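The following exercises are to be worked through with the sequence and the model at hand. Each task is followed by a solution in steps.

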Amino acid sequence: IMQKKRHMGDTKHFCPVSLKENFVLYPGLREHAAKYKEKIYYFSTSEFRDKFLKNPEEYVAHSEPLQAPPLRVCLLGIHGAGKSTCARQIADKLGIFHIQFEEYLQELILPKTKRKVGPSFDEDHEDDNKIPEELEDFSQNATKTKTKKTKQKVELTDEEEAIKANLMDNRELPPEVLDEIVPDWWKKEPFRSTGFILDGFPRTSDEARYLSERGLCPDIAVYIQVEEDDILNRLFPPRLKKWKERRRKKKEYKKKLKELKAQKRV
């Protein structure tokens, strides 16, 4: 027996209310289906179905087809997998924004911290405030009163403290902080109409659950899987070069310090 063909609505198996209000293609569910003008529409929630039935003409196509949202991609992978390199190439090719999540967090607190924070950046600055200060002290005239440098303490907001803890100790960002950052990429311009590739988010199951609960669906999520040996070969040479450079600078500082001590004894 041939079954009668079911005609689906303009958004096919995606929720028309999510598309209209959030500009997101959110898959609808059969249990939240409704029929309007001999067409079947699927909805992501029963609330959206009821909203549609109250005013269906607001959510269906009229003179022209409904506009689909731009491409939104989440690019995932462990540190050193090459996410940022791939993301830049994809963004350039498709004409969408490249959002590097960790770099974006750095920019939010940079005006107050004055430098990037995190384990890799702390290594770069570990000697900056030790020997140079001693050199400056010895270079001053002994008869002059040394002026103490007072460091102005910077007060971070709770949101900024949470971001700093995430960058320093990899602590998860609370939902209220994510609410101030992530939804804008889906709902505000210029990202809303252009699209983006989000590099390095979500990183945990809780962050993925956050996107789902907020209805922020990427069109595709790509996970880059790389062998550990490949990552080691990629990251070790530049790290070794940095370490050698720090050692060289430290030797120079010690040499200058030794010369200044000799001058002071004379």
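**Exercise 1. Determine in which element Leu-105 lies, whether Leu-105 is buried or exposed, and which residues Leu-105 touches.**

Step 1. Leu-105 belongs to helix α4, which covers residues 101-113. Helices (H or I, at least four residues) and strands (E, at least two) are DSSP runs, numbered from the N terminus.

Step 2. The model is predicted: local features need pLDDT of at least 70 and side-chain atom pairs count only at pLDDT 80 or more, while totals for chains, interfaces and linings use all residues. Residues are numbered from 1 along each chain as its sequence is written, and side-chain values use heavy atoms, with hydrogens and water left out.

Step 3. Leu-105 counts as buried because its relative accessibility is 0%. Buried means under 20% relative accessible area, exposed over 50%, and partly exposed in between (1.4 Å probe, protein chains only).

Step 4. When residues up to four places away in sequence are not counted, Leu-105 touches Ile-163, Asn-166, Leu-167, Leu-173 and Ile-181. Contact here means heavy atoms within 4.5 Å. Ile-181 is 76 residues from Leu-105 along the chain, and the C-alpha atoms of the two are separated by 9.1 Å.

**Exercise 2. Carry out the corresponding analysis for His-32.**

Step 1. His-32 is located in strand β1, residues 29-36.

Step 2. With a relative accessibility of 17%, His-32 is classed as buried.

Step 3. Not counting residues up to four places away in sequence, His-32 touches Tyr-41, Tyr-42, Phe-43, Ser-44, Thr-45, Ser-46 and Arg-49.

**Exercise 3. Describe the protein chain by its elements, buried residues, contacts and accessible surface.**

Step 1. The protein chain contains 12 helices and six strands.

Step 2. Of its 266 residues, 30% are buried.

Step 3. Among contacts between residues at least 6 apart in sequence, 68% join residues at least 24 apart.

Step 4. The accessible surface of the protein chain is about 18,500 Å², and 51% of this surface belongs to carbon and sulfur atoms. Accessible areas come from the Shrake-Rupley method with a 1.4 Å probe; for residues, only the protein chains shown count as cover.

**Exercise 4. State how many salt bridges a search of the whole structure finds, and characterise the one between Glu-160 and Lys-112.**

Step 1. The search of the whole structure finds 14 salt bridges. A salt bridge is a side-chain nitrogen of Lys or Arg within 4 Å of a carboxyl oxygen of Asp or Glu.

Step 2. In the salt bridge of Glu-160 with Lys-112, the closest N and O atoms are 3.0 Å apart. This pair links distant parts of the chain: Glu-160 is in helix α7 (residues 158-169) and Lys-112 is in helix α4, 48 residues apart.

Step 3. Glu-160 counts as buried, at 14% relative accessibility, whereas Lys-112 counts as partly exposed, at 28%.
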